Amino acid sequence: MARAIWTGVVSFGLVTVPVGLYAATEDHTVHFHQLQRGTSDRIRNRRVNERTGKAVDGEDIVKGFAVGEGEYVIVEPDELDQIAPGRSQTIEISDFVALEEIEPVYFDRTYYLAPRGAEYTRVYELLRAALAQANMVGIATFVMRGKQYLTALRAEDNVLVLQTLHWADEVRDPGQELPELPAGRAGKGKELDMALQLIDSLSGPWEPSRYHDTYQENVRELVKAKAEGQEIAAAEEPPEATNVVDLMQVLQGSIDAARGRHAGGQPRQQKTAPARKAARKPAAKGAKKTAAQKAPPKTARASSASGSRRGPGKTELRQLSKAELYERATEQDLPGRSKMSREELIDALARAGRRRKKSAA
């Protein structure tokens, strides 16, 4: 079980709830020791006096703020603790704002907050439920490990999440910091239409488990191969920059490749292929009707009410967005729908409609 990295209270108005702060993420980076080349001797970092070259104990080290050449204002660690706001024990919510108003660049690290005891769960859940229903986040500050943090407290399923934010003076203005930015007239016309088509053909639901840190996987393979005395294959060179003159051609080629990959039965994840194949097979003769066949979606029921038992065809389905297609697939409980492209959803829904027509006949 994880250990709290900070304990204190969350305060909003006159209500307080004792909480513990827990890291929400962990680092999976492969870590190496530093060794002297040609030996197995570890390299150690030591704190030394640059004038004498002698090592200095941690208790003899103080902080110094430079005010001139060789001149410093000395500050003791306990002096910093004495001026910490709230003595580092309180997360006091000062404002509530809409989450979408906070620009992504402000977000830093994510933590979980948990009540420190069963007797505090009621107040904890009151704050979580109120934030969830209001669709707001609480803005607060607190001090941890000698540093003050600006934070956003928001609600998720059964848990309060605290995200540290950058201060306003820490966020750089891209207009002032970046050497080149596109003009306002860029990103319009046919090029934009084709870019939108490419995005649509590659779009899908957010599934974080689909993505892997391939570099760290390669690092582990490198270590394993070198331990076994094998040769190492170098990575491919990065692609060249897109030529603006050929932009339309490149966009069309990208769209064709994306559509061809999915239309040819190549899913984004090979392991999901069996589920898709099963969805494309017609129902076995005499097999029991699925929940989708027993209870057709609202659009199918509306069609039958007007005297037609036929399900929507591809022409009708192509008029729908991918989100609407996915909603229909969910209503019909089509297997493998979460991994399907827009074209695959159209094919699957059309087949389902033909199966319902046969069943009705």
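Me: In the hairpin of β1 and β2, which residue takes a positive phi?

Reply: Gly 13 does, with phi near 65°. The hairpin has two residues between its strands. Strands here are DSSP runs (E, at least two residues) and helices are runs of H or I (at least four), numbered from the N terminus. This is a predicted model: local features need pLDDT of at least 70, side-chain atom pairs count only at pLDDT 80 or more, and totals for chains, interfaces and linings use all residues. Residues are numbered from 1 along each chain as its sequence is written, and side-chain values use heavy atoms, leaving out hydrogens and water.

Me: How many bridges pair strand β1 with strand β2?

Reply: Two strands pair if DSSP finds at least two bridges between them. β1 (residues 6-12) and β2 (residues 15-23) have seven, in the antiparallel sense. Ser 11 is partnered by Thr 16 of β2. β2 also runs antiparallel to β6 (residues 107-115), joined by five bridges. There, Gly 20 has Ala 114 as its bridge partner.

Me: How many salt bridges does the structure hold?

Reply: Side chains of opposite charge can pair when their charged atoms come close. The cut-off is a Lys or Arg side-chain nitrogen within 4 Å of an Asp or Glu carboxyl oxygen. The structure holds three. One of them joins Arg 128 to Glu 125, N to O at 2.8 Å. Both sit in helix α2 (residues 121-134), three residues apart, so about one helical turn separates them.

Me: Is Arg 128 buried or exposed?

Reply: Buried means under 20% relative accessible area, exposed over 50%, partly exposed in between (1.4 Å probe, protein chains only). Arg 128 is at 12%, so it counts as buried. Glu 125, at 32%, is partly exposed.
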